[in-house]
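The sequence and structure are shown below.

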Amino acid sequence: MKNETFCILPWVHLATYTDGTGLLCCIAKPGEKRTNLNDQTVDEVRNSDYFKKARLALREGKQFGACSACYKEEAAGLRSHRLHENLFWRNTLGQEQIDKLIEDTKEDGTIDNDVYTVDFRLGNTCNLACVMCRPQDSSKWYKEAKILSGQLKTGAKYEWQHKESVDRDSFEWYKNPKFLESFYEASGEMRQMIFAGGEPLLIKEHKAIIKELVKRGTAKNIKVNYHTNGTIYDTELLELWKHFKRVDLFLSFDGIDRINKYVRYPSLHDTVVSNLKKYNDNAPPNMHFKVLYTVQALNIYYIPEFVKWLLDMNLPRIADYKSKKNIDDIIHTGILHYPQYLSPKIFPPRVKRQITRKLENFILDYGDRINLNSIKGLCALMNEEDHSHLLNQFNDYLENIDELRKLNRKEAFKELDEMGIFKPARREI
Ligand code: SF4
């Protein structure tokens, strides 16, 4: 087994897209012949050709095509998902157990060990239609996606024609009794579960899984991790979560008030804030929180206001700036890559300079309260490429969003408007 390519995940993990497609992990490409939990069991997916070939290749020190994201990260000098996961599972299971899993692998790559970790995107049911999202990830997008695919007048139209053409029947794979039965059968050794969606806390079958794991007595071994939009606070779940080893909630929040309402439409700022306070006051000690701020063209300028606002709320369970030294221990800032016309890279150099100056001044002025150096990386990412040719698509898209949702981008982002960002879109097609 050569360390240059080896990855433990094909032995211990199973990830899905929202439509039930089985994956080696959340960043791996799906197999040419897709596996899917709508009509296959957990065991059938984990012992499909895609998984078996991955095991054989990675064990023999060869690269596996579906894993190119990791090789690219490593070539760029970054610590890849593969390296992170190998270390995590070596520490969790021990090298001896990992060696045994590999030794027990049959000649053709088949395994019969339980699954230790899953990353399930439980369909696309969601109560929000965030501006950067799509029907594959939110059922709230169906109607508007259809309209956009007809109305846009720039290249963004083709993207929406593709997004709009989803198979609506494929997103309820987690209701399939065959899936559930095979999942419980393979879950005796479970250590880590990641749930995302859609909005996983809206899915009643998710709660049924949580209840069943408590009933089976395996919950105490399991760390559960959620990506949630913060609009749901469920006291029954709070009670159930007490039985788990650890629960981490990643709460998506992309701005204050008018910014959040536009970006995470129709999220109500007050509902999310009220839930943050309830979690802060009532969450059992095994629960931990982090805020996810997805950085895009519409909110990069407002990072300083958001950071100050969150820390000033004084919610120690959510944003404990007194014990945490770095802002990325409290707020995870992921940069948006798609759709490209919403990335901060679309701003012309003049606007990028203004934004960079504001963020750098914030780092200097506020840095004695908490280390903000990671914000420099966001400026570097914004400045690394010039995608200002996509500004027309950005305007085309937002003009249509305003019309469909009766919103006003110039009021929601008045500081960006003053920089001259919002211009009437020209017809390109
Ligand atoms: S090598 Fe990378 S892409 Fe492949 S399964 Fe491991 S973590 Fe995922």
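## Basis of the description

Helices are DSSP runs of H or I with at least four residues, and strands are runs of E with at least two, both numbered from the N terminus. The model is predicted.

An α-helix has 3.6 residues a turn, so residues three or four places apart point the same way. After helix 3 comes G61, with a positive phi near 80°.

Strands of a sheet pair through backbone hydrogen bonds, either parallel or antiparallel.

Strand 4 (residues 192-196) is mostly covered, with 4 of its 5 residues buried. Strand 3 (residues 117-121) runs parallel to strand 4 and is joined to it by 5 bridges; V118 is placed opposite M193 of strand 4. Strand 4 also runs parallel to strand 5 (residues 223-228), through 4 bridges, and F195 has Y226 of strand 5 as its bridge partner. Further along the sheet, strand 7 (residues 287-295) and strand 8 are parallel and share 5 bridges, with V291 opposite I331 of strand 8.

## The ligand shell

Which residues are closest to the ligand? They are C7, C25, C67, C70 and R82, out of 13 residues that surround the ligand. Helix 1, helix 4 (68-75) and helix 5 each give two or more residues to this shell. Helix 5 gives the most, with 3 residues. By class, the shell is made up of 10 nonpolar, 1 polar and 2 charged residues.

## Two helix pairs

Two packed helices are described by the angle between their axes and the distance between the axes. Helix 5 (residues 81-93) packs on helix 6 (residues 95-103) at an angle of about 110°, and the axes are 6 Å apart. Angles of 65 to 115 degrees count as roughly perpendicular, so helix 5 is roughly perpendicular to helix 6. W89, R90 and L93 of helix 5 make the contact with Q95, Q97 and I98 of helix 6. These contact residues comprise 3 nonpolar, 2 polar and 1 charged.

The axes of helix 15 (residues 349-366) and helix 16 (residues 374-383) cross at roughly 170° and come within 10 Å. Helix 15 and helix 16 are therefore roughly antiparallel to each other. From helix 15, K352, I355, T356, L359 and I363 take part in the contact, and from helix 16, I375, K376, C379, M382 and N383. The residues of this contact divide into 6 nonpolar, 2 polar and 2 charged.

## Helix 17 and the residue after it

L404 belongs to helix 17 (residues 391-405). Is L404 buried or partly exposed? With 15 other C-beta atoms within 10 Å, L404 is partly exposed. Leaving aside residues up to four places away in sequence, L404 touches E144 and I147. L404 and M132 are 272 residues apart in sequence, and their C-alpha atoms are 15 Å apart in space.

K406 lies in the loop between helix 17 and helix 18 (409-412). Although K406 is not a glycine, its phi is positive, about 55°. K406 counts as exposed because it has 6 C-beta neighbours inside 10 Å.

Most residues other than glycine have a negative phi, and most peptide bonds are trans. Like K406, N314 is a residue other than glycine with a positive phi; the phi of N314 is near 60°. N314 sits in the loop between helix 14 (303-312) and strand 8, and is exposed, with 12 other C-beta atoms within 10 Å.

Where are cis peptide bonds found? One joins G197 and G198, with omega about 20°, and G198 is in the loop between strand 4 and helix 10 (204-216). Another joins Y265 and P266, with omega about -5°; P266 lies in the loop between helix 12 (258-263) and helix 13 (269-282).

Key. Residues numbered from 1 in each chain as written. Predicted model: local features only at pLDDT ≥ 70, side-chain atom pairs only at ≥ 80, totals over all residues. Pairing = 2+ DSSP bridges. Axes fitted to C-alpha atoms, helices over the stretch in contact; angles between N-to-C directions. Parallel < 35°, antiparallel > 145°, perpendicular 65-115°, else oblique. Contact = placed C-beta atoms within 7 Å. Nonpolar A, V, L, I, M, F, W, Y, C, P; charged D, E, K, R; others polar. Near = placed C-beta within 6 Å. Buried ≥ 20, exposed ≤ 12 C-beta atoms within 10 Å, placed from the backbone.
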